[in-house]
Amino acid sequence: MTDPTRSEENAVVHQGKHWIEHWEPENEEFWEAKGKKIARRNLWFSVLAEHIGFSVWTLWSVIVLFMGKDYGFSAADKFLLVSTPTLIGGLMRLPYTFAVAKFGGRNWTIVSAVLLLIPTVLAAVVLHPGTSLGTFLLVAALGGVGGGNFASSMTNINAFYPEKHKGWALGLNAGGGNLGVAAIQLVGLLVIGTAGATAPRVVLFVYLPLIVVAAVCAYLYMDNLATMKGDTKAMREVVKDPHTWVMSFLYVGTFGSFIGYSFAFGLVLQNQFGRTPLQAAAVTFLGPLLGSLSRPTGGWLADRVGGGKITFFTFIGMALATVVLILASTSKSLALFTVAFIVLFVLTGVGNGSTYKMIPAIFRAKAKVAIANGAEETAELRKARRLSGALIGLAGAIGAEGGLFINLAFRQSFADAKSGVPAFIGFLVFYGLCFAVTWAVYLRKPAEQPTSERGLALAGAEV
């Protein structure tokens, strides 16, 4: 007997089994009858591939915990090592965003998952004492391909969901991907606790089959949206919008902090508080885990309260947590330092979810203005999805480089002062700038009437 639901799903497929040409998520009837099921299926398998990508991207935050004195690397060398995939991962996000439009979300998810095999296999080959720092830096740089998965995944899922569900969907997609950071750190803890600190290859052997599973699932269960094909001009259009640079700046503060601290947390504990690899690994996974779990909450709150408000108060909280970290560092209180760092992780997750909710809301507000002025509704809503998808990719790329700055700041701070305090002072100043910018651009009462573009973008509760 034929499954009627499956028949409906196939009815919108034109260019082969996994190509969908007709897609109207803002049409409530279409969404309830066909769209919701298809979107959810693509979301779950996108999360799986992105999750593994994040694990490979942050692999070296775990590997450095295995690098004892026999490797001959200083703390500065190790911070440089974890900075390298952060840099490359951010740069990879721009081409990965274009790739979704050119090749299709499903097709690119398959390719991007298979690419994760390269840095994982090479790491297994070179991972032993005596390998030069330059070789390790090259292999770590290749791990940056895992950072690109986030941009393609978010751009893809953004196109599948209607505006009213984007906060939840993008938050869940990003949060599930971010959990890959905590997952590989937890695997590292289990390996160190059982096989010891001299068996880093076990971590790699765990992930090799998982990469294959992610690629196969994408091949079998995901779809391409034909409406995204040939849309590479959106990036050139979106860079002209001032909101692009404001949101990218804010995303440096939220996601940049999350990924930067994820790479650095274990090294900071080792170098500032003298923790052993096992002691550091026993704590480091908690921050990324809770930060990832809080990301959908940030999107959910933004859907209901407004992304601007949630982002503003999140940055205030991050600044306060950083003050506590400075006090804990100077008083050498490991317990207070650990708790404050984990709270900071949670806040980065909330901010990640709320800032990503703001991006489609801003372009939705612009579309409302154009429609009110006589523009065709379907075309304007499609344009809003195109531009928000492009900005998601661009902001993700720029935001990821915040992780590079955090690790370089820690590297210099420990090299000069043998402490992370100078770096934390710099982060505190930056978070102050972030909540000031959020208030000035998205919360301050606008002078214009609500029918203007700025009035809608600023006064609308959805932003």
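Serine 152 is buried, with a relative accessible area of 6%. This residue sits in helix α8. The model described here is predicted. In that model, the C-alpha atoms of serine 152 and threonine 97 lie 4.8 Å apart, although 55 residues separate the two in sequence.

**Around serine 152 and helix α4**

- Leaving out residues up to four places away in sequence, serine 152 touches Tyr96, Val100 and Trp108.
- Alanine 101 belongs to helix α4, which covers residues 75-103.
- Alanine 101 is buried, at a relative accessible area of 7%. Buried means under 20%, so the value of 7% qualifies.
- Alanine 101 and threonine 155 are 54 residues apart along the chain, and their C-alpha atoms are separated by 8.9 Å.
- Lysine 102 lies over the face of phenylalanine 103, at 5.9 Å from the ring centre.

**Aromatic pairs**

- The whole structure holds 39 aromatic pairs.
- One of them joins phenylalanine 150 and phenylalanine 255. Their ring centres are 5.5 Å apart, with 15° between the planes, and the pair is stacked.
- This pair links distant parts of the chain. Phenylalanine 150 is in helix α8 (residues 145-160), while phenylalanine 255 is in helix α12 (residues 242-273). The two are 105 residues apart.
- Phenylalanine 150 has a relative accessible area of 0% and is buried. Phenylalanine 255 also counts as buried, at 0% relative accessibility.
- Tyrosine 251 pairs with phenylalanine 255 as well: the centres are 5.5 Å apart and the planes meet at 10°, so this pair is stacked.
- Tyrosine 251 and phenylalanine 255 both lie in helix α12. They are four residues apart, about one turn of the helix.
- Tyrosine 251 counts as buried, with 1% relative accessibility.

**Helices α9 and α14**

- Helix α9 spans residues 163-194, and helix α14 spans residues 286-305. Their axes come within 7 Å and cross at roughly 175°.
- That angle makes α9 roughly antiparallel to α14, because angles over 145 degrees count as such.
- On the α9 side, the contact is made by Lys164, Gly167, Trp168, Gly171, Leu172, Ala174, Gly175, Asn178, Leu179, Val181, Ala182 and Gln185.
- On the α14 side, the contact is made by Pro288, Leu289, Ser292, Leu293, Arg295, Pro296, Gly299 and Asp303.
- By type, the residues of this contact divide into ten nonpolar, seven polar and three charged.

**Glutamine 185**

- Glutamine 185 lies in helix α9 and is one of the residues that meet α14.
- Glutamine 185 is buried, with a relative accessible area of 4%.
- Setting aside neighbours within four places in sequence, glutamine 185 is in contact with Ser61, Val62, Ser262, Thr284, Phe285 and Pro288.
- The C-alpha atoms of glutamine 185 and valine 346 are separated by 17 Å, and the residues are 161 apart along the chain.

**Helix α3**

- Helix α3 runs over residues 59-66 and is mostly covered. Eight of its eight residues are buried.
- The buried residues are Leu59, Trp60, Ser61, Val62, Ile63, Val64, Leu65 and Phe66.
- Ser61 and Val62 of this set are also among the contacts of glutamine 185.

**Lysines with positive phi**

- Most residues other than glycine have a negative phi.
- Lysine 332 has a phi near 55°, a positive value in a residue other than glycine.
- Lysine 332 is in the loop between α15 (307-331) and α16 (334-372). This lysine counts as exposed, at 70% relative accessibility.
- Lysine 418 has a positive phi too, near 55°.
- Lysine 418 is in the loop between α17 (377-417) and α18 (421-443). At 63% relative accessibility, lysine 418 counts as exposed. The cut-off for exposed is over 50%, so the value of 63% passes it.

Terms used:
Residues numbered from 1 in each chain as written. Predicted model: local features only at pLDDT ≥ 70, side-chain atom pairs only at ≥ 80, totals over all residues. Heavy atoms only, no water. Axes fitted to C-alpha atoms, helices over the stretch in contact; angles between N-to-C directions. Parallel < 35°, antiparallel > 145°, perpendicular 65-115°, else oblique. Contact = heavy atoms within 4.5 Å. Nonpolar A, V, L, I, M, F, W, Y, C, P; charged D, E, K, R; others polar. Buried < 20%, exposed > 50% of the residue type's maximum accessible area, 1.4 Å probe, protein only. Phe/Tyr/Trp six-rings, centres within 6.5 Å; stacked < 30°, edge-to-face > 60°. Lys NZ or Arg CZ within 6 Å of the ring centre and 35° of its normal.
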